[in-house]
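Dear colleague,

Please find below the structure that I am handing over to you. I would be grateful if you read the notes that follow with the structure open beside them.

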Amino acid sequence: DIAKALGAPLLRHDLVWELEKTGAGRSFRSMMPKLAETVREIADYAAARGVKTCSENHGRIAQDSDRMEAFASLVDHDNYGLLVDMGNFLCVDEDPATAVSRVANYAFHVHAKDMLVLPHDTEDTAGLIYTRGAGWLRATAVGHGSVPVERCLKILKRAGYDGWVSLEYEGKEDCLWGI
């Protein structure tokens with residue numbers, strides 16, 4: 001309702017931030033049917049108000065391209081898609097170009113974000129981002145890291161994406177410089 005009032009054509013919402021220690025909550029795959037049912041309800045509600053909905057690949061649980069592709073396929077709703085953050089795939093040790101190619105058909109919005117992949121034995125980890133596979137990343141300006149940004153954009157364009165691309169910067173330097 002607020003998105004409609006603001007004239008926002010797209011609403012991003014999260015799926016799940018962490019796994020639980022017991023029950024179906026221990027596995028993203030086990031949670032998918034209930035999550036998909038809930039997301040369909042959100043998508044229906046938003047569609048009646050002229051707003052599309054999407055979920056971003058982030059949080060190390062709902063972040064892998066295979067999980068996000070499988071989830072969007074399970075939701076199977078024309079009013080629901082993905083916010084594809086090409087840099088976030090590095091957080092789960094995935095190749096961004098391969099990951100983007102897997103989810104490009106579901107893209108409702110895109111974040112261009114870049115990070116440097118650092119050695120696993122990096123000692124000074126202050127300000128770094130850890131990966132699910134015990135690696136380290138350092139946020140950097142788009143085009144200066146390990147994400148093949150231009151290639152990812154070509155993949156998205158080839159898949160038919162013609163929407164907005166937001167530049168995102170999470171580094172230590174001044175945000176205006178980073179963008």
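The structure holds three aromatic pairs. Here rings of Phe, Tyr and Trp (its six-membered ring) pair if their centres lie within 6.5 Å; planes under 30 degrees apart count as stacked, over 60 as edge-to-face and the rest as tilted. In the pair of F28 and F71, the ring centres are 6.2 Å apart and the planes stand at 50°, so this pair is tilted. Because F28 belongs to helix α2 (residues 28-47) and F71 to helix α3 (residues 65-75), the pair ties together parts that are 43 residues apart in sequence. Both F28 and F71 are buried; buried means under 20% relative accessible area, exposed over 50% and partly exposed in between, with a 1.4 Å probe and protein chains only.

Y169 and W177 form an edge-to-face pair, with 6.4 Å from centre to centre and 75° between the planes. Y169 has 10% relative accessibility and therefore counts as buried, whereas W177, at 56%, counts as exposed. Ring pairs also link F28, F71 and Y80 into a cluster.

Before you read further, please note that this is a predicted model, in which local features need pLDDT of at least 70 and side-chain atom pairs count only at pLDDT 80 or more, while totals for chains, interfaces and linings use all residues. Residues are numbered from 1 along each chain as its sequence is written, and side-chain values use heavy atoms, with hydrogens and water left out.

As to the overall fold, the protein chain contains six helices and eight strands. Helices (H or I, at least four residues) and strands (E, at least two) are DSSP runs, numbered from the N terminus. Their order from the N terminus is α-β-α-β-α-β-α-β-β-β-β-α-β-α. The radius of gyration of the chain is 17 Å, close to the 16 Å given by the globule rule for 179 residues, so the chain is as compact as a globular protein of that length. This radius is taken over C-alpha atoms, and the rule is 2.2 Å times the number of residues to the power 0.38. Along its principal axes, the C-alpha trace spans about 50 × 40 × 30 Å.

Buried residues make up 44% of the 179 residues in the chain. Among contacts (heavy atoms within 4.5 Å) between residues at least 6 apart in sequence, 76% join residues at least 24 apart.

Yours sincerely
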